[in-house]
Amino acid sequence: MRQPLSVKEKLRPIQINYFGLDDASNDTVVQYIMRMRDRFKAVDMFKWNQKSRTLSFMSAGSELGRITFLSSESRAKGRGRRPNLIIIDEAAHMDRKVFDVNLPIVTNDGAVMVCISTINRETKKGWFYEGLVAAEFRQLNYAPIDDLIVSLWKKYGLDQVKSRK
């Protein structure tokens, strides 16, 4: 049986940059995670820092990772951070600058970017729409979200971590 990875020894904590449309929509995501925290068996504790808009998750006293909540209105747009995972929620409604600023992190540092959105006929035909069409015609590399989540979970050994409960 594979041994769980020690986050302190082998991997830096998971850093996720989550981009929502605004702080209010990000707050909704944080509240959802906090309500669902009992379902995360590998995590003992969540800590919310309102000032930095960061949600840290811990197990056995070690930080497993953190999610930094940024809005499309944020001036930083993720600069100066080295995330493993970048999530752009409601991407079809985001300014392309959010994508452009984060693309070098994916290209140079090997981070994974996930762009999620709902689209309909009224959605403007921007960068997300163009990427979606390119993916459908196999002109762009993409993977189903379930495969991505399972691979990240296994990479960090979270499928093996046992809760103290």
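## Basis

The model is predicted, so local features need pLDDT of at least 70 and side-chain atom pairs count only at pLDDT 80 or more, while totals for chains, interfaces and linings use all residues. Residues are numbered from 1 along each chain as its sequence is written, and side-chain values use heavy atoms, with hydrogens and water left out.

## Nonpolar cores

A nonpolar core is a set of buried Ala, Val, Leu, Ile, Met, Phe, Trp, Tyr and Cys residues joined through side-chain atoms within 4.5 Å. Buried means under 20% relative accessible area, exposed over 50%, and partly exposed in between (1.4 Å probe, protein chains only). The largest core has 15 residues, of which Ile16, Ile33, Phe46, Phe57, Ile67 and Phe69 touch the most other members. At least two residues of this core come from each of strand E1 (14–20), helix H2 (23–35), strand E3 (54–59), strand E4 (62–71) and strand E5 (85–89). Helices (H or I, at least four residues) and strands (E, at least two) are DSSP runs, numbered from the N terminus. Another core, of 14 residues, lies apart from it and includes Phe19, Ile86, Val98 and Trp127.

Leaving aside residues up to four places away in sequence, Phe57 has contacts with Val43, Met45, Phe46, Ser62, Glu63, Leu64, Gly65, Arg66 and Ile67. Contact means heavy atoms within 4.5 Å.

## Helix H2

H2 has 13 residues and spans 18 Å from its first C-alpha to its last, close to the 18 Å expected at 1.5 Å a residue; the expected span is 1.5 Å times one less than the number of residues. Its buried residues are Asn26, Val30 and Ile33. They lie on the same side of H2 because they cover an arc of only 60 degrees around the axis, taken from the directions from the helix axis to the C-beta atoms.

E1, strand E2 (45–49), E3 and E4 are among the elements covering these buried residues. Exposed Ala24 and Arg35 sit on the face of H2 turned away from its buried side. At the N-terminal end, Asp22 caps H2, with a side-chain oxygen 3.3 Å from the backbone nitrogen of Ala24.

## Single residues

Ser56 is in strand E3 and is buried, at 12% relative accessible area. Its side chain joins that of Glu63 in a polar contact of 3.4 Å.

Arg53, in the loop between E2 and E3, has a positive phi near 55 degrees although it is a residue other than glycine. Arg53 counts as buried, at 11% relative accessibility.

Note on methods. Polar contact = N/O pair within 3.5 Å; in protein donor to acceptor, adjacent residues only side chain to side chain.
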